[in-house]
Amino acid sequence: MRILLYNPDNGVTRNFMPHLWMFLLQALTPPGHEVLLIDGNAQPMDEDGIARFVREQDIGLVGIGAMTRMIAKAYRMADAIRAVGVPVVMGGPHVTEEADEALGRNGGPRHADAVALGEADETWPKIIEDAARGKLKDVYAPVDEFGQERKPTLQPYPSIPWDTINLDQFNLVPKMAARMLQRVRGGWGTFRIIPVESGRGCPYGCEFCTVTGFFGDSIRFRTNESVVNELLLLKARARSEGGQIAVFFIDDNFAINVKRTKSLLRDIIAAGAQLHWVAQISANLLRDEELVDLIAASGGKWVFIGMESIDPANLASVNKGFNKPGEYAAVLERLAQRNVYAITSFIFGMDNDTPGVAERTLQEIRTWPPGLPIFGLLTPLPATPLYKRLETAGRLTRPKHWQEFIPFEMAHTPLKMTIAQAHAEVRYGWASSYSPEAMAQAVDSLRLKPLGYRINIFIARMCFRGIYFPQMGPLAWLKLISQNRHTIFNLVSEAFTTWRSRPIRAAAN
Ligand code: B12
Ligand code: SF4
């Protein structure tokens with residue numbers, strides 16, 4: 001049977017990275033089947049396009065995964081596929097919480113033939129077997145023989161054949177530039193960000209988060225050896241194709257067990273498996289100097305920190321009191337001293353937020369080393385404690401907000417500001433942080449660092465801006481390049497001067 005795994009785009013920006021679930025399920029597919037992957041972020045498709053694709057490619061089963069944010073599009077695509085007679089199985093965090101919605105059991109239309117609840121590592125082979133026999137069940141739950149929920153151990157962990165998988169759709173280097181960049185030092189004909197997990201689960205239980213409920217509060221880790229081997233495979237691929245691969249450790253809190261993280265990072269260094277990497281780590285765990293040393297030595301370049309708010313009352317209200325705003329600056333300095341920078345994520349519209357929260361937050365941010373600030377709105381995702389609290393209090397203004405997804409539109413009213421005010425704060429945060437002046441300032445603040453760091457932060461800022469300001473097509477990018485032409489000109493001239501001075505220095509020597 002030919003199987004298509006599909007993940008829809010979010011309609012606002014292109015994701016910089018493919019989704020791990022696709023590669024994982026592909027690796028877990030029993031022999032005798034062929035699995036094709038389409039990530040809507042890399043290969044945009046509409047309903048007609050996907051219906052045509054499954055017919056022309058003789059697809060026998062389509063698996064669709066989606067977060068809540070993309071579920072409306074996922075349902076539309078599923079409807080189009082089912083309309084041409086091909087069965088659809090859906091999985092991922094949204095349908096796990098809203099299986100009845102996907103199966104049309106709550107009065108709405110049916111979108112999926114089957115739903116895979118929770119982690120599907122062990123149920124996926126069974127789903128394929130049933131689909132091949134034409135006997136799909138409605139629901140596949142990861143349970144043991146006694147009907148108790150069972151979480152995959154991650155030991156052993158499937159080996160994803162990164163050396164042979166077709167990754168053509170996941171290259172961040174524009175086609176026009178690829179040939180020229182292949183010859184740049186180290187080879188830049190391809191640049192791929194690849195998701196790797198080293199563990200699953202998070203015990204912290206922040207009120208707005210799906211993770212503790214979905215993956216559980218006990219953490220499961222892969223062996224160091226299995227992670228190191230995966231990195232070595234990726235490194236070999238990058239070398240063989242004259243390109244670059246960076247890794248995103250998608251663990252929710254990569255240093256949740258500091259001792260184990262240190263041991264993994266030491267093993268990465270010992271095996272020479274360093275690649276540039278990004279990971280999510282909470283600020284409280286970055287107090288440890290030795291950990292930060294190892295992060296830098298093992299290739300860590302960016303750390304995503306869910307700061308959420310600079311107001312301790314807000315943090316307490318969402319069960320994230322372990323974040324201490326008073327130590328944010330020291331944590332970021334500690335990272336920056338080792339040339340590691342932070343993606344600092346903030347949520348506005350919390351219950352203690354009042355108008356002006358964005359400027360108050362920006363005043364703090366301006367005192368920190370440059371990074372990539374991102375701003376979102378508090379969103380009640382299905383089955384989270386936040387959803388339940390707001391529902392009980394009768395505060396949900398759009399209880400089924402995912403059915404009509406509107407970017408940056410709240411689904412409940414915050415206590416001390418209106419929905420419109422909360423959005424205005426987010427807009428202010430993005431506009432102030434990513435204006436051409438702010439970009440130039442971020443680059444300039446790294447003037448004592450080598451040029452590479454300035455280019456890195458500039459390109460990262462150009463991309464991150466797209467999370468809020470739609471920049472899907474070449475025209476949007478051209479406009480952005482023109483707005484930032486002074487910074488680009490300065491960086492290019494400095495690069496040119498550095499390049500020209502090399503032979504002169506060599507000759508002088
Ligand atoms: C990496 C990541 C991202 C990446 C992008 C995704 C990517 N390219 O990988 C980035 C950083 C860009 C990102 C952004 C966002 N993310 Co995110 N992200 C994650 C994260 C940390 C890891 C995802 C992952 O790979 N997990 C590991 C794999 C193995 O698990 P999985 O995807 O769930 O897949 C398993 C099962 O769900 C199931 N499955 C999944 N799909 C399918 C499909 C089929 C057919 C089947 C059978 C089974 C199946 O089988 C898999 C194996 O067991 C998760 C948290 C987490 N730990 O999962 C949050 C998470 C998915 N993100 C979340 C959110 C909210 C967001 C944002 C909306 C945040 C924001 N406010 O901006 C944005 C939206 C991005 C967008 N595209 O629009 C939520 C989603 C909750 C929900 N109900 O939708 C999560 C769960 C985190 C949370 N705090 O709750 N994210
Ligand atoms: S620390 Fe991160 S992953 Fe863990 S519960 Fe909080 S927000 Fe979710």
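1. Surface patch. In this predicted model, Leu 475, Leu 478 and Ile 481 make up a nonpolar patch on the surface. Together the three residues have about 320 Å² of accessible area. Leu 478 sits in helix H19, which spans residues 474–483. Its relative accessibility is 54%, so Leu 478 counts as exposed. The cut-off for that class is over 50%.

2. Helices H17 and H18. Helix H17 covers residues 436–444, and helix H18 covers residues 451–464. Their axes come within 9 Å. They cross at roughly 155 degrees. That angle makes H17 roughly antiparallel to H18, because angles over 145 degrees fall in that class. The crossing of this pair is right-handed.

3. Helices H9 and H10. Here helix H9 (residues 224–240) packs against helix H10 (residues 258–270). The angle is about 40 degrees, and the axes are 10 Å apart. H9 and H10 are therefore oblique to each other. The crossing of H9 and H10 is right-handed.

4. Cis peptide bond. Most peptide bonds are trans. The bond between Gln 155 and Pro 156 is cis, with omega at about 10 degrees. Pro 156 belongs to the loop that runs between strand E6 (139–140) and helix H7 (175–181). Check this bond by eye in the structure above.

5. Positive phi at Leu 154. Leu 154 is not a glycine, yet its phi is positive, about 75 degrees. Leu 154 also lies in the loop between E6 and H7. Is Leu 154 buried or exposed? Leu 154 is buried, because its relative accessible area is 4% and the limit for buried is under 20%.

6. Positive phi at Glu 308. Glu 308 is another residue other than glycine with a positive phi, near 70 degrees. Glu 308 is part of strand E12, residues 300–308. With 5% relative accessibility, Glu 308 counts as buried.

7. How many salt bridges does the structure hold? The total is 35. One of them pairs Glu 34 with Arg 2, with the closest N and O atoms 3.0 Å apart. Glu 34 is in strand E2 (residues 34–39) and Arg 2 is in strand E1 (residues 2–7), so this pair ties together parts that are 32 residues apart in sequence. Glu 34 is partly exposed at 39% relative accessibility. Arg 2 is partly exposed too, at 24%.

8. A buried salt bridge. Glu 230 forms a salt bridge with Arg 222. The closest N and O atoms are 2.6 Å apart. Are Glu 230 and Arg 222 buried or exposed? Both residues are buried.

9. A salt bridge between distant parts. The side chains of Arg 338 and Asp 293 also form a salt bridge, 2.8 Å from N to O. This pair links distant parts of the chain, 45 residues apart. Arg 338 is in the loop between H13 and strand E13 (341–348). Asp 293 is in helix H11, residues 289–297. Asp 293 counts as partly exposed, with 40% relative accessibility.

10. A salt-bridge network. Which residues are joined into one network by salt bridges that share partners? They are Glu 119, Asp 121, Glu 149, Lys 151, Glu 197, Arg 200 and Arg 220. In general, side chains of opposite charge can pair when their charged atoms come close.

11. Ala 330 and Thr 413. Ala 330 is found in helix H13, residues 328–337. Ala 330 is partly exposed, with a relative accessible area of 40%. Ala 330 and Thr 413 are 83 residues apart in sequence. In space they are 34 Å apart, C-alpha to C-alpha.

12. Lys 320 and Phe 496. Lys 320 lies in the loop between helix H12 (312–317) and H13. At 9% relative accessibility, Lys 320 counts as buried. How far apart in space are Lys 320 and Phe 496, C-alpha to C-alpha? The distance is 47 Å, and the two residues are 176 residues apart in sequence.

Key
Residues numbered from 1 in each chain as written. Chains lettered and ligands numbered in written order. Predicted model: local features only at pLDDT ≥ 70, side-chain atom pairs only at ≥ 80, totals over all residues. Heavy atoms only, no water. Patch = residues over 30% accessible without salt bridge, like charges linked within 9 Å, V, L, I, M, F, W, Y side chains within 5 Å. Areas by Shrake-Rupley, 256 points an atom, 1.4 Å probe, with all protein chains shown as cover. Salt bridge = Lys/Arg side-chain N within 4 Å of Asp/Glu carboxyl O. Helix = DSSP H or I, 4+ residues; strand = E, 2+ residues; numbered from the N terminus. Buried < 20%, exposed > 50% of the residue type's maximum accessible area, 1.4 Å probe, protein only. Axes fitted to C-alpha atoms, helices over the stretch in contact; angles between N-to-C directions. Parallel < 35°, antiparallel > 145°, perpendicular 65-115°, else oblique. Left-handed = near helix turned anticlockwise from the far one by under 90°.
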